[in-house]
Amino acid sequence: MSDGAPWPGHALGDAPPAAGVAGAAAASNVDAADSLHSMLRAHSQTHAEMARRARMAQRDTLSPAVRAEWRLDRPSITPTIRRNSSAPSLRTLDDGLPKIVIGICAMDKKATSKQMNHIVERLLRYGEFDVIVFGDETILTQPVEEWPLCDCLLCWHSDGFPLKKAQQYAVLRKPYLVNDVMAQDTLLDRRRVYRTLMDSGIPVPQHIIVDRDNLPAGQTDPEGFVEHEDYVELKGLRICKPFVEKPASGEDHNVYIYYPHSMGGGVKRLFRKVDNRSGDYDASDPGNVRRTGSFIYEEFLTTGGTDVKVYTVGPRYAHAEARKSPVVDGKVVRTADGKEQRFPVLLTPQEKEIARMVVLAFGQRVCGFDLLRSERGRSYVCDVNGWSFVKNSHKYYDDAAGILRMVILSAIQPHRLLAAPQPLPQHPCGDMGSEAMEGSQHGMHYNMSMDDMRSQAAGEEDKPEGELRCVLAVIRHGDRTPKQKMKMKVTQEPLLALLHKYLDSKGKQAKLKSPVELQDLLDATRMLLDELETKQRAATDNVSSGSPQLGVDPDTDELREKFRIMKTVLEQGGQFAGINRKVQLKPLRWSTPEEGSGEQPRCVEALLILKHGGVLTHAGRQQAETLGNLFRNVMYPPSAGGGLLRLHSTYRHDLKIYSSDEGRVQTSAAAFTKGLLDLEGSALTPILVSLVKKDAGLLDAFGKGASADIQLAKEELYAQMTWDPATSTSMHSEPQLTTPLVSPPLSPKLEPGVLPPGMRPLRSAGPSEDGNGASLRLTGRLGSCNSMSSADASVTARTTAESPLDTYTLDAEPMPGASNIAGRPHIFPMPENPLALLRQLHELLKLLVDQLRQKCLEEPRSDDRPRGYSALTQDPKECVQEEGKPCSGEKLLLMFDRWRKLAKAFYSEKKKQFDISKVPDIYDAAKYDAIHNQRLGLELRPVYATARALAAAVIPNEYGIHPAGKLRIGSMICSQLLGKLLADLASMREESVQTAGLQHSDSSMQYDAMTDLRNMAVSGNGPSRDAPSNGQEVEGGVEGASNQEEVVGTEPDDGEDDAVLHRLCPTYAQDINSPFRHVRTRIYFTSESHMHSLLNVLRFCQLGHEGEAPLLGEDGQGVLHDCRELDYMTHIVLRMFENVTLPLDDPNRFRLETLFSPGAAYDPTEVIPAKKDHVLPVAPRVPLHPEGANGVALARAEELLKPLSKPFKRQGDPYALRSTMLSSQQSEVAVSAAVGAEGELYTQLT
């Protein structure tokens, strides 16, 4: 066989039977002397025996799956290998063997790249290969017959590469292909890529393929394709927004992400990196999909703002790196040398199997693909790129060169694998001094102990309490507009037609929220308003002309005014994007069709409910961003590896941000995240979709069994606030249930004789109840959660604190600042003579309404729409304040309507009763206008001061009027959140204990990689750690609680694991002083009710524990006792520190620090923002834990709080560090020696 002639049967995975081009020529003279024949036969037998031994050794070591994959499961057959006389003996195997010629057929930009040069350089040092780079001139201009000959071909496609010519060369010369050139056509078409992935059983995101190739003329969409404003659908398979739109061509990188209108709408356009940008968000895009070609539409998977790129070298080697996802803010984070910043992360066993399957499915041994780690706990492949190399990792270059050597030798000269390879010479950086190597992977991980690394990372600035392990924060949303609601009965046919059009499947109501639905309502409203105004003008003309027949109808005038308000609300902002308006139409009366007519019943009257307002203002967004910035700078000490951004960028930071379902809360969470991670851009929609998770069950559901108790607390509170000693009566209307949830039956009433004269009886349950509906004995649901015995649980709840606040018996002595009504529970705080304040507020409201009415009459009539502001899509600086007009685009008419409805609802002239439930709404509106609308010249200061004094008594006492009641209500509202917080803390404690146990083991940091690989081959899995048999554990609850209590966790179909995170891979990490350090951060954004409830639980959790001191310190109790308001951006922070100098079983090793801020709780009539931008500052945090103790022991906090929480189901951590990988690392010299000794085994298993 002549030089360059191909071996038959060369395909990926088929090894040619001979040595190579230079050593593959047959003996030229078969009739030579007998001595030459004898020598050839001897060498042939020698090589046959070598091949037989190699196969036997491999079969004995490898798993059946690996043996089958590499065709090593066949019986050993002695091959007939023809050698020339230069073949060496076994004793001198490395002397004179011909070198294997490796051809690199790729564009020069790729073939001579820095990464490729590193690997080629290492291959050449083995002394077994010659490398030929074909070059652009040869590839592009010369016929394939003139291309250089080679034994092994490294060939891959890139821009401008003639793939067809390369395929012709492979067919002509049949070199050994490391990557199958014939299969690379598949990589150029994303449709074929996805089909190949699915055919191979590799998980991909749910998607549809809209193929417009070969459509008939005039047809733009394939059959069955439907586009809706919030989803696309193909043949019944629906993909809802947010979704990703990918062009079919793998070379087209213009990928679009479409967001739903409920989250701000718009489109994010991703593109190839240009400078430091890789994507831009356009909030004004209507969101219509492209139709100029074929596209794939797939669901958008939330991945915590990170992408993972996996690089394979053969089916058993995968290196993974994570980077900031471009979908967050489109900014590319780069290193000092201009490279995109990426960090190596560990792959799970399942992800390693995915990597193996991708290699085999596409026939590309050297391959890169994109992996999405969904927060549901699953991983998906979303793109396969073909030939890819890791940048700036000498360890990877060493591994890749070693594996490529093994792959090529096993295919072309397998007998060389039994000889120990020459030691790989030190690469150039090996000549660097030890000082230059310090902190790198080579100089640190293999020679430093874990204690050394911890000390080096901590420095001298660490606090005495130890290492920061966990940061938990519960935060209220930012400043918002007042929430408003308008109800009206409608009989107009256009509105009834909308009811029938959008009626739900149960026939109960029609909810109008989407832009199309609201636009239909706005069109109908404009039409009806025009008709009513036409009638009004006609009636006015009749009156002016003296005609007695027709006049102005008061009912019609009121209806016209409501339609004007609805039109103004719907037109506000100029667009319907966002989460700020909702309309409900509920049927009230149905027509009865005549029997036998066949007609369907139709609604003839409906109740229209318009909800608007309650949206985050420009000030609220700025508050949230500023607080995020503050957290980044002060919550994470510099000793934690350079602060938060360093922790986060190196994937040693496990961050998750949760929000309730309310729009203002979600937007606050996104703005906080922007400040916390120092993200760019004015729009929050991409951040909201990518990084904020909604959890309504955890943070939104109000009541949770506490509704009846809250109602009883309100009855007592309202009765005392309106108690008139002169008439011995209470002037209040009955409080309404705050939630439609089914509540427990109310307790029987007390005898009327028990009450003070004239006071209405309150629902109570006898001597064990105090009129609050909350038992003074910790019984009922609270007792069922308690781990104490039933006898202990029924003892009278009391506290050891000596604060007058803790006095709650009916015969208690009068206390300053309390209600002090004889025979009734003392309510604190309570202003002196609250009834007089209520009457004063009523008069002030009438004056304010008159002022606004006059301003509305003086305002010139204009159809110009005010410039609205959306905190979701606009920067706070974009909010324009128009002189003489209300802030944020609110019209004077709406402002007048807001105060008119509040004044009317607050006091009933007919019943002579106050509705105390309106006090929080009045205070909310008064503070909003005092902050944003002072320049309108309204008398706001007295309204604000009076409403604030009343709200200080109403708001906190709606959640219980004494400690036991506050604890009972609080535990029912926030039990799920409390269980989640305890599970977060317990998770980090467990990880710390496991890591510390490995760190202090007697291992000398020497990791037997080959033993671990053999174990993986035999078992088919990676090293595992001990885990519960059911694969999950329950945190935050007492033993046995899971059998009685509902276990709170993620949705069943979600499968999400809160422990899912990226783990830094220490073996490949560079310049990371503490690769094992890991800090968990969980941020929970919620509303005011959860803040009150959680604080009450922290204050009074010791009740029922005989002789137990409060969890909070004396100063902390005083802070909460004097706190009158939990304003916007109120937050509670729990930080857990680990004192590594204490034994693992010491209860003080883990300590909990509790910080509290009442938010922007300043008087806007006294505190003027420095920039006059309406942004009140957030009060600094103060410690609540005992002074001088640096927190309380975690064990003690769990003992007091677990009985009040619901257990949270926490899955095992799928990305946990393996114990063998934690315990030690192996030096490169040892790895190299193991490679030489194990040969093909290393190739298969690495």
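User: What length does H11 have, in residues and in Å?
Analyst: H11 has 19 residues and reaches 27 Å from its first C-alpha to its last, close to the 27 Å expected at 1.5 Å a residue. The expected span is 1.5 Å times one less than the number of residues. Helices (H or I, at least four residues) and strands (E, at least two) are DSSP runs, numbered from the N terminus.

User: Before we continue, what are the ground rules?
Analyst: This is a predicted model, where local features need pLDDT of at least 70, side-chain atom pairs count only at pLDDT 80 or more, and totals for chains, interfaces and linings use all residues. Residues are numbered from 1 along each chain as its sequence is written, and side-chain values use heavy atoms, with hydrogens and water left out.

User: How many residues of H11 are buried?
Analyst: H11 is mostly covered, with 18 of its 19 residues buried. Buried means under 20% relative accessible area, exposed over 50%, and partly exposed in between (1.4 Å probe, protein chains only).

User: And H4, which of its residues are buried?
Analyst: They are Gln115, Met116, His118, Ile119, Val120, Arg122, Leu123 and Arg125. Helix H4 spans residues 114-125 and reaches 17 Å between its first and last C-alpha, close to the 16 Å expected for its 12 residues.

User: What covers those buried residues of H4?
Analyst: The cover includes strands E1 (100-105), E2 (129-133) and E3 (152-155), together with helices H3 (108-111) and H11 (394-412).

User: What follows H4?
Analyst: H4 is followed by glycine 127, whose phi is positive, near 75°.

User: Changing topic: how do H25 and H28 cross?
Analyst: The axes of H25 (residues 834-858) and H28 (residues 941-957) come within 10 Å and cross at roughly 145°. Axes are lines fitted to C-alpha atoms, for helices over the stretch in contact, and angles run from 0 to 180 degrees between N-to-C directions.

User: Which residues meet there?
Analyst: From H25, the residues include Leu837, Leu841, Leu844 and Leu848, and H28 contributes, among them, Val943, Ala947 and Leu950. Contact means heavy atoms within 4.5 Å. By class, the contact of H25 with H28 has 12 nonpolar, 2 polar and no charged residues. Ala, Val, Leu, Ile, Met, Phe, Trp, Tyr, Cys and Pro count as nonpolar, Asp, Glu, Lys and Arg as charged, and the others, Gly among them, as polar.

User: Now sheets. What is the strand order in the one with E20?
Analyst: It is an open sheet of 4 strands in the order E20-E23-E22-E21, with antiparallel pairing. E20 (483-490) and E21 stand at the edges with a single partner strand each, so one side of each is left without a neighbour in the sheet. The twist averages 20° from one strand to the next. Two strands pair if DSSP finds at least two bridges between them.

User: How many bridges hold each pair?
Analyst: E20 and E23 are joined by 8 bridges, E22 (residues 581-590) and E23 (residues 603-613) by 9, and E21 (residues 510-512) and E22 by 3.

User: Which residues stand opposite each other?
Analyst: Methionine 486 faces leucine 610 in E23, and leucine 512 stands opposite valine 583 in E22. Tryptophan 590 has cysteine 603 in E23 as its bridge partner.

User: What about the sheet with E6, which strands are at the edges?
Analyst: This open sheet has 3 strands in the order E6-E7-E8, paired antiparallel. E6 (225-228) and E8 (237-240) are the edge strands, each with a single partner strand. E6 pairs with E7 (residues 231-234) over 4 bridges, and phenylalanine 225 stands opposite leucine 234 in E7.
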